[in-house]
Amino acid sequence: MIILTPIKKTQYPIIAQCISPDVFQEKTLEQINNLPIWIGNKRRILSDLFKIEKTTENSPSIIINGDVSQVRRIGWGMTQGEIVVNGNAGMHLGKKMSGGKIVVNGNAEGWAGSEMKGGLLEIKGDAGDYLGSPYRGSTIGMRKGKIVVHGNVGSDAAVHMKSGLIKIHGNSGPFMGFRMTGGVIHIQKDAGTRLGACMTGGKIVVSGVLEDMLPTFAIEFIKGKVKIELGDKAIGPFFVFLGDLAENGRGKLFISKEKNPQLSQYERFL
Amino acid sequence: MSKINSVTCPVCGCLCDDIELTIADGIVAQVKNGCAMCEAKFFSHSNEHRLKTPLIRKDGKLVPTTYTVAVRKSAEILAKANYPILYGWSSTDSEAQRVGVELAEEVGGVLDNTAVVCHGPSILSVQEVGIPTCTLGQIRHRADLLIYWGCNPWSAHPRHLERYTAFTDGRFENSEWMSYLNKVKAAAGRKKIKSLERKGILKHRREREIPTVSDNKPTEILDKKGRKLIVVDVRKSMTAEIADYFLQVKPGKDYELIQGIRALVRDQELDVEEVAGVPVEYLQQLVDAMISCDFGVIFFGMGLTQSPSKFRNIDVAISLIRDLNMRTKFAIMPMRGHFNVTGANTVFTWQSGYPYAVDFSLGYPRYNPGETTVVDVLLRQESDAGLVIASDPVSNFPRKAVEHLVKNPLIVIDPHMNATSLVGDIIIPSSIVGVEKEGTAYRMDHVPLPLKKVVDPPKGVLSDEEILNRILKEVRKIKSNRLEAA
Ligand code: SF4
């Protein structure tokens with residue numbers, strides 16, 4: 001097990017995609033100290049930024065004790081092991097990860113779990129924008145895996161999502177699930193505007209208030225409860241909407257009936 | 001006195017190339033064919049307030065210096081910086097932009113152009129869904145349905161209507177000039193009556209409200225022969241006054257409106273009665289007009305790109321064009337503001353692969369708007385030096401971003417003094433591109449046009465390209481010295 005403690009603060013962005021169990025595995029402390037990172041436009045080594053300790057315990061896990069909100073690309077493409085961040089984490093956390101587990105005991109910046117292919121990403125605080133969304137111009141979003149956010153989520157989360165699960169205990173920003181084609185999203189509190197815009201598949205469950213309903217969704221029926229994952233059900237009743245009609249989509253929105261009396265006007269179409 | 005014909009106007013994205021200039025005693029004496037903005041620009045070169053020597057900040061005051069010192073100091077700042085930003089580029093020629101990319105790569109900085117605060121969102125969505133577009137020439141000759149969405153060309157691109165769209169005589173479509181002239185006269189008359197009423201000369205009549213869609217059915221435009229002009233906006237702009245049909249959308253609801261139209265184009269039923277304040281019945285008529293045209297175009301401006309939903313608005317607008325192209329011929333085009341912002345995007349793309357927000361800090365170009373855009377870099381207070389060229393971020397960036405920009409060493413290259421140069425540390429005056437220097441600029445439809453040199457620059461004043469080349473040379477010298485020392 002490796003323990004990293006930040007020793008320096010800098011104003012420049014730091015790119016450190018070497019912080020991953022796959023890279024650290026079977027490396028000596030000396031080798032880990034000398035892994036390359038970028039601070040601004042200058043090339044540096046990992047020990048310039050962190051105090052690095054190795055415990056005798058032989059497990060592929062990394063613990064970061066301190067605020068690393070300037071450090072980008074932690075856990076880039078990891079396939080196994082565990083990273084625990086005791087503080088806030090920077091952009092692109094767990095980007096392209098396909099296995100293992102990341103836990104953040106704090107907030108995460110934008111693009112956390114972007115293009116995720118597997119594994120578990122748990123954020124105890126808030127997540128920034130573009131949670132689980134792909135790189136600009138790419139149409140391949142989250143393909144597998146699970147993201148759990150205990151706080152709120154910014155805008156444009158789960159764009160182009162194909163499969164997998166995102167659970168949000170707090171509120172979500174606008175454009176959640178834009179152009180999603182599959183997978184499940186559960187928002188336990190309130191959802192922002194333009195939820196599920198251009199979606200063609202998958203389901204989004206909102207247990208709280210929906211800020212605004214897009215005109216291109218049509219009501220289908222009312223359902224008592226809905227399955228989120230094995231052993232987890234959301235209790236309704238829910239209005240079930242189908243859309244996005246602008247894309248001839250068959251995505252489903254489950255919106256809590258109790259919390260959204262403004263949608264009762266749709267009931268006449270049932 | 002001499003006359004120069006076919007001069008390209010270096011002001012807005014229309015790049016009108018039919019300007020006629022009269023030169024007397026080495027200064028522009030008369031401008032023909034241009035609009036008011038064009039005239040102001042051509043006359044500005046002889047402005048007495050023009051800066052002619054570089055300035056450098058000493059003990060808090062700007063004092064005159066030489067080009068050699070200014071260039072050397074700028075190079076030192078940039079070569080030393082850990083995360084410099086190089087911003088502006090939209091009001092200079094593509095030749096200077098090319099050198100700019102080289103300089104940004106050399107100093108490992110963040111290179112960004114003014115698209116970041118105007119049509120950057122359009123670029124993002126083009127990368128996601130593509131763009132079915134065409135040249136302005138094609139529109140001039142063939143388009144019979146013109147839609148201006150969230151833009152006001154009458155004020156921002158004054159000759160757009162007259163040169164490329166509704167007011168121009170094309171090969172297959174005629175100018176609607178006469179009918180518009182009547183509308184303009186009527187609008188002017190209405191204004192006059194209002195002012196007379198205000199002064200109490202005329203008795204107050206029934207208060208005339210701005211006709212919104214709800215009292216202005218779009219039926220007539222379906223029957224009208226010839227070119228049709230539709231304006232979609234949140235308020236009745238000058239362009240809307242002369243349009244055949246004005247669709248008033250609730251502020252911030254463009255996204256819903258476009259999605260509603262898309263669903264109707266796809267023959268879907270909507271479960272609602274109105275979308276963004278427009279009855280679905282009217283939308284259906286609009287959709288009929290769109291589908292029944294031979295060649296339609298949507299021009300969009302900041303009303304779409306900088307209102308809530310930003311690039312998702314453009315995303316669905318382009319998707320709408322894609323849907324319409326299954327039924328008829330349609331195209332879409334952003335109304336670019338600065339005369340060579342399209343050029344900045346084009347040059348950056350063929351040099352680095354990305355149109356704006358290019359980060360060279362890792363030695364190779366990287367692009368992720370939100371992360372590498374200059375405004376975000378400044379808001380997160382990450383940069384430690386700045387070079388601003390042909391732009392004025394101090395007057396249009398968020399205050400917090402400006403504060404950070406000013407806190408660090410700031411180099412400004414611009415022909416005129418502006419708000420940014422007043423707070424800069426090194427001010428380098430340059431010649432005016434398209435007036436005192438020839439070059440290349442890209443029109444809003446990506447057609448490159450030559451800019452002419454019509455008068456000489458003030459004695460000793462260098463061009464943007466030359467200044468950047470000198471800084472680049474100096475930076476390379478500093479870097480090789482550093483390597484040798486190491
Ligand atoms: S419309 Fe634009 S390019 Fe044309 S003359 Fe006016 S300012 Fe110049």
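Trainee: Which helices of chain B each supply at least two residues of the lining of the largest pocket?

Mentor: Keep in mind that this is a predicted model. The largest pocket holds about 1100 Å³ of space, and 46 residues line it. The helices that each give at least two residues to that lining are α1 (36-43), α6 (153-156) and α13 (302-305) of chain B.

Trainee: And which residues lie nearest the centre of the largest pocket?

Mentor: By class, the lining has 20 nonpolar, 19 polar and seven charged residues. Out of the 46 lining residues, the ones nearest the centre are B:Val11, B:Ser91, B:Gly337, B:His338 and B:Phe339.

Trainee: Now the cavities. What is the volume of the largest cavity?

Mentor: Two cavities of 30 Å³ or more are counted. Chain A lines the largest one with A:Trp111, A:Tyr130, A:Ser133, A:Pro134, A:Tyr135, A:Arg136 and A:Val159, while chain B brings B:Glu128, B:Phe311, B:Arg312 and B:Asn368. That lining splits into six nonpolar, two polar and three charged residues. The volume is about 80 Å³.

Trainee: How many nonpolar residues are in the lining of the second largest cavity?

Mentor: This cavity has a volume of about 70 Å³. Its lining includes the cysteines B:Cys9, B:Cys12, B:Cys14, B:Cys16, B:Cys35 and B:Cys38, along with B:Leu15, B:Ile19, B:Gly34, B:Pro158 and B:Arg159. Cys counts as nonpolar here and Gly as polar. With one polar and one charged residue in the lining, the nonpolar ones come to nine.

Trainee: How many charged residues does the contact of α3(B) with α20(B) have?

Mentor: On the α3(B) side, the charged ones include B:Glu95, B:Glu102 and B:Glu106, and on the α20(B) side B:Asp464, B:Glu465, B:Arg476 and B:Lys479 are among them. Next to eight nonpolar and two polar residues, the contact has a charged count of seven.

Trainee: What handedness does the crossing of α11(B) and α14(B) have?

Mentor: Helix α11 (residues 254-265) of chain B and helix α14 (residues 310-324) of chain B have axes that come within 9 Å and cross at roughly 15°. That makes the two roughly parallel. Among the residues that meet are B:Tyr255 and B:Ile258 in α11(B), and B:Val316 and B:Leu320 in α14(B). The crossing is left-handed.

Trainee: And how many charged residues are in the contact of α11(B) with α12(B)?

Mentor: The axes of α11(B) and helix α12 (residues 280-292) of chain B come within 10 Å and cross at roughly 65°, and this crossing is right-handed. α11(B) brings B:Leu257, B:Ile261, B:Leu264 and B:Val265, and α12(B) brings B:Val280, B:Leu283, B:Gln284, B:Leu286, B:Val287 and B:Met290. By class there are nine nonpolar residues and one polar, and the charged count is none: no charged residues.

How values were computed: Residues are numbered from 1 along each chain as its sequence is written. Chains are lettered from A and ligands numbered from 1 in the order in which they are written. This is a predicted model: local features need pLDDT of at least 70, side-chain atom pairs count only at pLDDT 80 or more; totals for chains, interfaces and linings use all residues. Side-chain values use heavy atoms; hydrogens and water are left out. Contact means heavy atoms within 4.5 Å. Helices (H or I, at least four residues) and strands (E, at least two) are DSSP runs, numbered from the N terminus. On a 1 Å grid over the protein atoms alone, a cavity is a set of points where a 1.4 Å probe fits but cannot get out, and a pocket is an open set with protein on both sides within 12 Å along at least five of seven lines; lining residues have an atom within 4 Å of a point. Grid points are joined across faces, edges and corners, and a volume is the space filled by probe spheres set on the points. Axes are lines fitted to C-alpha atoms, for helices over the stretch in contact, and angles run from 0 to 180 degrees between N-to-C directions. Angles under 35 degrees count as roughly parallel, over 145 as roughly antiparallel, 65 to 115 as roughly perpendicular and the rest as oblique. A crossing is left-handed if the near helix is turned anticlockwise from the far one by less than a right angle, and right-handed if clockwise.
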